[in-house]
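Me: Could you take me through this one and say what stands behind each label? I'd like the cut-offs along with the conclusions.

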Amino acid sequence: MSEVVDPAQPVHPHIDNSLHAEHGTSYGHVKGEGVDTSHGAILYLEDITVSFDGFKAINKLNLDISVGELRCIIGPNGAGKTTMMDVITGKTRPTSGTAFFGQTMDLTRMTEYDIAHAGIGRKFQRPTVFEQHTVFENLELAMKMNKKVRPTLFFKLTLEQKGKIDDILKLIRLNGQEHRLAGLLSHGQKQWLEIGMLLMQEPQLLLLDEPVAGMSDAETARTAELLNELRGKHSIVVVEHDMAFVTEIAQDGVVTVLHEGSVLAQGTMQQVQADERVIEVYLGR
Ligand SMILES: Nc1ncnc2c1ncn2[C@@H]1O[C@H](COP(=O)(O)OP(=O)(O)O)[C@@H](O)[C@H]1O
Ligand SMILES: [Mg+2]
């Protein structure tokens with residue numbers, strides 16, 4: 001079987017990412033081939049340090065994400081949240097420490113490309129969709145870049161694939177708008193479309209960096225609904241500043257507070273909000 005990604009497609013590193021597309025129309029399945037999650041963890045960071053000319057953007061960071069978990073990570077500007085995602089995706093090499101995807105994949109030894117193809121999908125802060133293409137075409141392109149979908153000369157969607165695109169369109173609140181040009185969407189809609197494109201790749205772990213930044217209140221509320229619908233179907237790490245939003249999606253799950261490159265506190269939203277140190281460095285202002 002060919003491992004070749006369709007060379008006719010534009011270079012778009014953060015959607016060209018992942019494998020597993022053989023499961024019919026369901027967009028969500030937590031367990032996947034390739035990544036060994038037999039011990040229950042999808043991501044495991046231990047003592048990760050990232051130094052930039054002596055300044056420790058990440059300082060002995062420990063983080064464990066379970067399969068199917070929706071983990072929220074909060075923390076003031078400069079806490080190291082984006083740098084942490086850079087380490088997980090291979091964009092930045094840690095100065096020291098261990099980072100594993102499942103039991104066996106050492107992220108510190110993999111290229112960005114290999115990590116993406118192993119099933120870690122990342123959404124950056126700014127939306128990056130193909131503006132000249134329709135919503136539908138964007139999802140179709142994302143599907144074509146999925147390595148498990150066999151490349152053919154004249155790519156024609158099967159009913160199953162069409163069904164999957166329809167499911168994602170509903171999930172990202174863009175059904176009925178599939179023929180609009182992506183460039184004409186609102187900022188929030190572009191963010192949803194990009195989340196949909198990532199989901200087309202069926203990532204084993206989804207990283208979202210400030211997904212609601214710049215969104216209207218209504219869009220933010222709908223994004224919380226969207227993430228709540230994904231709960232349990234994917235392993236997701238969400239970095240966000242918007243506390244109302246985090247409260248909506250954290251529910252009873254674990255919230256991690258980062259500060260100066262390490263974990264300051266961890267627990268339910270209620271617990272971290274009541275934590276004196278958290279109030280001091282972050283919530284209290
Ligand atoms: N490439 C880099 N070179 C030097 N310093 C950096 C670099 N990337 C990030 N930093 C610094 O590391 C710290 C953490 O940044 P970042 O991870 O972007 O924080 P956050 O996403 O939590 O706001 C900040 O002080 C930032 O200025
Ligand atoms: Mg950031």
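**Labels and what backs them**

Reply: Start with helix H3, where Val 135, Asn 138, Leu 139, Glu 140, Leu 141, Ala 142 and Met 143 are buried. This is a predicted model, so local features need pLDDT of at least 70 and side-chain atom pairs pLDDT 80 or more, while totals for chains, interfaces and linings use all residues. Residues are numbered from 1 along each chain as its sequence is written, with chains lettered from A and ligands numbered from 1 in the order in which they are written.

Me: What makes H3 mostly covered?

Reply: Seven of its ten residues (135-144) are buried. Buried takes 20 or more other C-beta atoms within 10 Å of the residue's own, C-beta atoms being placed from the backbone (12 or fewer is exposed, in between is partly exposed). Helices here are DSSP runs of H or I with at least four residues, strands are E runs with at least two, and numbering goes from the N terminus.

Me: Which helices do the buried residues of H3 pack against?

Reply: Helix H4 (159-171) and helix H5 (187-200). Contact means C-beta atoms, placed from the backbone, within 7 Å.

Me: Why is E8 called largely enclosed?

Reply: Five of the five residues of E8 are buried, so the rest of the structure largely encloses it. Ser 235, Val 237 and Val 239 point one way, Ile 236 and Val 238 the other.

Me: How do you know that E7 and E8 pair?

Reply: Pairing needs at least two DSSP bridges between two strands. E7 and E8 have five, in the parallel sense, so they pass the test. In one of the pairs, Leu 206 stands opposite Ile 236. From E7 the chain crosses through helix H6 (residues 217-230) to E8, a right-handed β-α-β crossover: with the strands pointing away from the viewer, the path from the first strand over the helix to the second runs clockwise.

Me: And E3 with E8, how many bridges join them?

Reply: Four, and the strands run parallel. Cys 72 has Val 238 as its bridge partner in E8.

Me: What is the strand order in the open sheet?

Reply: E6-E7-E8-E3-E9-E10, with mixed pairing. E6 (120-123) and E10 (262-267) each have a single partner strand, so one side of each lacks a neighbour in the sheet and they stand at the edges.

Me: Which residues surround ligand 1?

Reply: Among them are Phe 52, Asn 77, Lys 81 and Thr 82. The cut-off is a C-beta atom, placed from the backbone, within 6 Å of the molecule. Helix H1 (residues 81-88) gives the largest share of the shell, three residues.

Conventions: Two residues are in contact if their C-beta atoms, placed from the backbone, lie within 7 Å.
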